[in-house]
Amino acid sequence: MARRITRRRWLKQSLATGTAWCILPSSRAVFSYEANEKVAYAAVGLGKRGSYLAPTFARIGAKLVALCDANTEQLGKLAAKLPGATSYQDFRRMFDEKSSQIDAVVVATPDHTHAVITAAALHLNKHVYCEKPISHDVREARVLRELANQKRVATQMGNQGMATDSFRRTLELLEDGIIGDIREVHVWFVFGGSGARTPPKDQPPVPAHLNWELWLGPAAERPYHPEYVSGWGGWWDFGTGCLGGGGSHSLNLAFKALKLRELWDPPASSAKRIRIESEIPEKAPHGFPRWQFVRFYLPARSSQPPAIIHWYNANEDELRRQGVWTKLEEIAGRDLEWKDKSWTPRSGTLLVGEKGIVHTNAHNSVCQILPLEKFPEQTEPPKRYPRVRGHEYEWLDACRSTGQPFSNFDHTGPVIELLLAANVAGRFNEPLEYDPVACRIVGNDEADALLRPTYRKGWTL
C-alpha cells in the first residue's frame with residue numbers, strides 16, 4: 001500500500017511541535033492522502049457488476065489489493081485478467097489478512113449479502129462503494145446509514161445517474177422552485193416481477209467451485225439449487241425486485257427535490273408517517289408480484305406540501321391494458337417511447353409541478369423540464385452542486401477526503417428503506433403506515449417483523 005501520513009507519524013510530529021490537542025474517533029476524518037497516493041481497495045462479488053467495477057477503479061487511479069467471491073470460477077476468470085491482487089473465497093478471511101492494506105471496499109454481491117459485507121467493512125473503518133440497493137431489508141439500510149455516519153467514511157451506492165450534470169442542474173432548478181410545488185410523482189418500469197414461484201424440490205450436488213454456505217450468507221438455511229444462484233434476483237430471500245433494483249435509480253431526483261429526507265429526522269410523530277398502499281394481481285410469497293402498483297402518501301415537510309408518489313411496475317401490455325400508459329403520456333404531453341439515444345424511454349419518472357413537468361429516464365441521468373422552450377436554464381451546467389468526472393470518480397475522490405459523494409448512505413439509506421417497505425406492503429391486503437424515524441410499521445406486527453428478518457446462525461451486522 002502506498003505511503004500515507006499514519007496516525008503514529010502524525011502524533012510524533014504533532015507532539016514535537018505541541019499541536020496534538022485532539023484525536024477524532026476515526027482517523028479517516030483527519031488524515032488526507034498524499035497527492036500521488038492511490039486508494040487501496042478490495043472487490044467483493046465478481047459477477048456481472050463486480051467484474052465491471054473491480055477493474056474500473058484500478059483504471060481510474062486506485063490500487064486493487066484483493067478479489068473475493070464465493071464462486072471460485074468467477075474469481076479465477078477475473079483474477080487472471082488482474083494479476084497482482086490476492087484472491088479470496090471468504091470475505092471474512094480477506095478482512096482478517098488484508099485489513100491493514102485496504103482503505104476501501106467495493107461490494108457487488110447478490111442483494112441479500114450487501115449489508116453484511118458492507119457492515120463488516122464499515123466496522124473496520126473502510127470506505128465503501130456498494131452496488132444498488134445497499135441492503136436487502138429495511139432495517140439493514142438503517143444500520144448501514146448509522147454506521148457510515150458514525151465511522152465518517154466515504155460511502156456511495158451504485159446509481160450512476162446522480163453524477164450527471166443533467167441530474168444536478170435539474171435538482172438545483174427544482175430546489176429554486178422553477179416548477180412550483182410538486183404534489184405528484186409518477187415512476188414506471190416495464191419489467192414486471194417474477195410472479196409466484198415454487199422452491200425446487202430436487203437437491204443436486206453443490207458444484208466444487210461454489211461455497212454454498214458463503215453464498216447463502218444470512219438467508220434462511222436450504223439445500224443448494226442452481227435456480228437460486230442463476231436467478232437470485234427473482235427470489236424474495238435473495239433479491240429485492242424492481243422496487244429495490246429499479247427504484248434505486250429512479251427515485252433519487254424526487255426524493256431530493258421533495259426534501260423527503262426530513263421525514264427521517266427526529267422527533268418521531270404521527271405527522272411524519274408514510275402511508276403505503278400496494279395493488280398486486282396475486283401473492284407471490286417466494287418471489288415478486290407479476291405487476292405491482294404502489295402509492296406512497298407523503299406528509300408535508302418544512303417547505304413542501306403533502307405529495308403522492310405513484311409507482312407502476314408491469315410489462316408494457318399490462319400498463320396499456322390498465323390505462324397507465326395513456327395516463328402518463330397525457331401528463332407528460334409527449335410520447336413516452338421517445339427514441340433519443342440518450343434515453344431508456346420505456347421506463348422513467350414524471351415530477352408534476354404547478355408550472356411545469358420534469359420527465360427523466362429510468363436512471364434519472366437525463367432530465368428534461370417540460371415544455372422545453374419555457375425552461376432554457378436547464379441546459380446550463382450545475383451552479384451549486386459540484387460537477388464530477390463520474391460516479392466512481394466521485395467516490396474515489398471522497399476516499400481521498402476531497403468531497404462527499406452525492407449518493408452517500410445518508411441519502412440512499414432512507415431511499416432504500418422507503419422502497420423496501422413497499423416490497424413488504426405487497427405481501428398484505430391492507431395499507432401500511434411506515435414510521436421513518438422509528439424505522440417500523442405501525443399497527444401491523446407481522447409486517448413490522450419483515451423489516452428485520454432473522455439472520456441464519458453465525459451471521460450478524
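1. Let me start with Ser278, whose bridge partner in S9 is Val294. Strand S8 (residues 274-279) and S9 pair in the antiparallel sense, over five bridges. Here a strand is a DSSP run (E, at least two residues), numbered from the N terminus, and two strands count as paired if DSSP finds at least two bridges between them.

2. A word on the source: this is a predicted model, where local features need pLDDT of at least 70, side-chain atom pairs count only at pLDDT 80 or more, and totals for chains, interfaces and linings use all residues. Residues are numbered from 1 along each chain as its sequence is written, and side-chain values use heavy atoms, with hydrogens and water left out.

3. Strand S9 (residues 292-298) also runs antiparallel to strand S10 (residues 307-313), joined to it by seven bridges. Gln292 has Asn313 in S10 as its bridge partner. S9 is mostly covered, with five of its seven residues buried (under 20% relative accessible area, 1.4 Å probe, protein chains only).

4. Now for the parallel sheet: six strands form an open sheet in the order S3-S2-S1-S4-S5-S6. Its edges are strand S3 (86-88) and strand S6 (155-158), each pairing on one side only. From one strand to the next, the twist averages 20°.

5. Within that sheet, strand S2 (residues 63-68) is joined to S3 by three bridges, in parallel, and Ala66 stands opposite Thr86 in S3. Helix H3 (residues 72-81; a DSSP run of H or I, at least four residues) packs on the sheet and touches S2 and S3, contact being heavy atoms within 4.5 Å. The direction of H3 makes about 160° with that of S2, using lines fitted to C-alpha atoms, for helices over the stretch in contact, with angles from 0 to 180 degrees between N-to-C directions.

Key
Buried means under 20% relative accessible area, exposed over 50%, partly exposed in between (1.4 Å probe, protein chains only).
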